[in-house]
Amino acid sequence: CCEVDIEESSLSSLPPQWSATPSISGAESSSVKPAWCQSEAANESAEAMAEINDEADLLDFVHDLDFDQYDQDLELQALMGQVKERI
């Protein structure tokens, strides 16, 4: 239907997680199966690991968050004022 002509140089500036080509090695590709062909236990295990990874990423974000950086933000000050009024 519609083809887009993308230059290779424009792809090199993208972050690695946005890469158009997957970076799965030969050893990993044989162990990675689509969700529909995994057993129920393997699927539940993968979902649990994904949830644990998401929680770890969120905790890392919160740990590295510098709230003082956003302290002078007027929008944040207005929101904090509204929260304080409700409490």
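How many helices and strands does the secondary structure of the protein chain come to? It comes to five helices and zero strands.

## Model and confidence

This is a predicted model, in which local features need pLDDT of at least 70, side-chain atom pairs count only at pLDDT 80 or more, and totals for chains, interfaces and linings use all residues. Residues are numbered from 1 along each chain as its sequence is written, and side-chain values use heavy atoms, without hydrogens or water.

The mean pLDDT (the predictor's confidence in each residue, from 0 to 100) of the protein chain is 75. Of its residues, 64% reach 70 or more. Confidence is lowest in helix α1 (residues 8–11), at a mean of 52. It is highest in α3, at 91.

## Fold and exposure

Along the sequence, the pattern reads α-α-α-α-α. Helices (H or I, at least four residues) and strands (E, at least two) are DSSP runs, numbered from the N terminus.

Buried residues (under 20% relative accessible area, 1.4 Å probe, protein chains only) make up 0% of the 87 residues. The accessible surface (Shrake-Rupley, 1.4 Å probe) comes to about 8,400 Å². Carbon and sulfur atoms hold 56% of that surface.

## Surface patches

Patch residues have over 30% relative accessible area and no salt bridge; like charges are joined within 9 Å, nonpolar side chains within 5 Å. A salt bridge puts a side-chain nitrogen of Lys or Arg within 4 Å of a carboxyl oxygen of Asp or Glu.

Leu58, Phe61, Val62, Leu65 and Tyr70 form a nonpolar patch. Together they have about 500 Å² of accessible area. Helix α3 (residues 40–64) gives the most to this patch, with three residues. Val62 lies in α3.

Glu51, Asp54, Glu55, Asp57, Asp60 and Asp64 form a negative patch. Asp and Glu count as negative, with the charge placed at CG of Asp or CD of Glu. Glu55 also lies in helix α3. Its relative accessibility is 44%, so Glu55 counts as partly exposed (between 20% and 50%).
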